[in-house]
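Let's take a friendly look at some aromatic rings and their neighbours. Keep the picture in view as you read.

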Amino acid sequence: MTRFNRRRAKAEARDEIRTEIPGLTAGGATSPLSEHGQWVLPPSRAALRTVFPSLRDLNHQGGAGYAREPKAELFLLAVAHMAGQRSFYESASSRDERYARLVRRLAVEDPRWTLALLRWLRTHAHIRTASLVGAAEFVRGRLDARAAGFSRQAVDAVLQRPDEPGELLAYWTSRYGRRLPQPLKRGVADAVRRLYTGRALLKYDTGSHGFRFGDVLELTHPAPAPDRPWQGELFRYALDRRHRPDRAAPPATEPLLTAHHALMAVPVANRYALVTGPGGAQKLAAAGITWEALAGWLQGPLDAAVWEAVIPSMGAMALVRNLRNFDLAGVGDRAAAEAARRICDPAQVLRSRQFPFRYLAAHRNVPSARWEQALETALAHSLANVPALPGRTLVLVDRSGSMFDRPSADSELNRADSAAVFGTALALRAEQADLVEFGTGSRPVHAAPGESVLHVLDRFHDLGGTNTAAAVTRHYAAHDRVLVVTDEQAHWAPRIDPLAAVPEHVPVYTWNLAGYAMGHTATGPHRHTFGGLSDAAFRLIPLLESGRSGPETAWPWDPTPDTHRGLPKRPAP
């Protein structure tokens, strides 16, 4: 005899009802999928817009979606955008096209603002792909509108790494063909003069790049910078490496390139002994050999002796990425201690421009405990801009299913983990904070003052749906401010605004991690939305609460004269 299963029977009944009446959900105390409560049909878009004029549509969960102004939509999408990557609710192609369309529009409507965004995106938020794509679409938008000016500056502003001129040209030619407009060529040429050096050539002019240095030089024809006359010989060498690699000889004025050329000529059978013998580490450093190129040059695996020879010349983030490899190879304690010291050095952390969750990914990936203190210290240094908020603060961290979507295929962490890092950091730095995780339900997360961020993260869970309204209503208790780290895709609730339980005079700060078009609440004097997880935006909280208002607090970049350096002057009224 088949045993009656009440849970399965209810689930089957719900499925049948929803099939008959699309959009119907089960309302209840804990979840739109709860097994008790009443069935609720969300109101139509027309009905919602009648009551809430700022509401344009529903979000991806069927909840209230508030339309953003184009600048706000672009800002949030830019800081959360990974080109070619789908998100939980949005395909890669539609997301990419929405971003390109917004950049082209605002490049014409407000080029100064859009240029400032792109510069900040690359130099302060440290987001490469969105800034490069944005610069290309900025140029395209102004070309289509036959608008002069700004494009050259936009291109030069986002190119901050020597391989990026080639990446920008690769994007442009794949989308718009090989005919390069003059502003694009001049902007790339400006960057080439600033970025191309002998060391940059060794690291980035490799066969894995679609556009080599020689290709960029042939397409843009830059002249050497006035204060770098040696670039003329360097440019000729880059062209020879591209077209005549067997005959390419480094300039005599470049000792790094000369040492590298000599090292490449060492017979394969002698290379391991050279690296692991006396002075091996110094020879690798003098020749500019990177750890990425070392294995191919040796034509063999990187064992402990090889790693110990190359560790002194590795950058801080290269060390973080290879901690697991160090352990697996059996790197000795002395070399490991030196690597750990450099990983948590404040100056190196600042120079590496890495997000805090990079250190969390490394912590979860390493098999030994000897790196824990260094990673925890480095993570703390990377959160230097997190303010110590006075008074009582409620910090809500979204742990719904859509937050466990990874922002890119290359990322080792999902948005839920990234949100937990920032939410925990905010709570630990605040004078008095209540840290709460929420999804279908919600629960407090204990974080003692001075406790390790990495230890607190182990107390977070996967909590199903996105019932923001219930979490706010349950946990708000006359706090001085509320901070929500989320993707803003709350499911529909009768109260419409999930933040309605917070009085209008109490500031609410939302960090949107996904950049979807719809927000979870309307904008207002005390309702602020930031994008992504660049901790530079945290400095806006004290500014906003100090009573300052106006353009200087609207965006996380400073609209000083230096921001517009090199721009065309405004026309006289």
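Rings of Phe, Tyr and Trp (its six-membered ring) count as a pair if their centres lie within 6.5 Å. In this predicted model, ring pairs link Trp291, Trp307, Phe326 and Trp371 into a cluster.

The count of aromatic pairs comes to 7. Two of these pairs are set out here.

| Pair | Centre to centre | Angle between planes | Type |
|---|---|---|---|
| Phe75 and Trp120 | 5.7 Å | 40° | tilted |
| Trp172 and Tyr176 | 4.8 Å | 50° | tilted |

Where do Phe75 and Trp120 lie? Phe75 belongs to helix H3 (residues 70-80) and Trp120 to helix H5 (residues 111-123), so their pairing ties together parts that are 45 residues apart in sequence. Phe75 is buried at 2% relative accessibility, and Trp120 is buried at 3%.

Trp172 and Tyr176, in turn, both sit in helix H8, 4 residues apart, which is about one turn of the helix. Trp172 is buried, with a relative accessible area of 1%, while Tyr176 is partly exposed at 25%.

Charged side chains also meet rings here. Arg140 lies over the face of Tyr176, 5.0 Å from the ring centre, and Lys203 lies over the face of Tyr204, at 5.6 Å from the ring centre.

Tyr204 is also among the residues that Arg161 touches, as are Arg122 and Glu167. You will find Arg161 in the loop between helix H7 (151-158) and helix H8 (164-176). Is Arg161 buried or partly exposed? With 28% relative accessibility, Arg161 counts as partly exposed. Its side chain makes a polar contact with the side chain of Asp163 (2.8 Å).

Note on methods. Residues are numbered from 1 along each chain as its sequence is written. This is a predicted model: local features need pLDDT of at least 70, side-chain atom pairs count only at pLDDT 80 or more; totals for chains, interfaces and linings use all residues. Side-chain values use heavy atoms; hydrogens and water are left out. Helices (H or I, at least four residues) and strands (E, at least two) are DSSP runs, numbered from the N terminus. Buried means under 20% relative accessible area, exposed over 50%, partly exposed in between (1.4 Å probe, protein chains only). Contact means heavy atoms within 4.5 Å. A polar contact is a pair of N or O atoms within 3.5 Å; within protein, one must be able to donate a hydrogen and the other to accept it, and residues adjacent in sequence count only if both atoms are side-chain atoms. Rings of Phe, Tyr and Trp (its six-membered ring) pair if their centres lie within 6.5 Å; planes under 30 degrees apart count as stacked, over 60 as edge-to-face and the rest as tilted. A charge sits over a ring if NZ of Lys or CZ of Arg is within 6 Å of the ring centre and within 35 degrees of the ring normal. Lists of a residue's contacts leave out its neighbours within four places in sequence.
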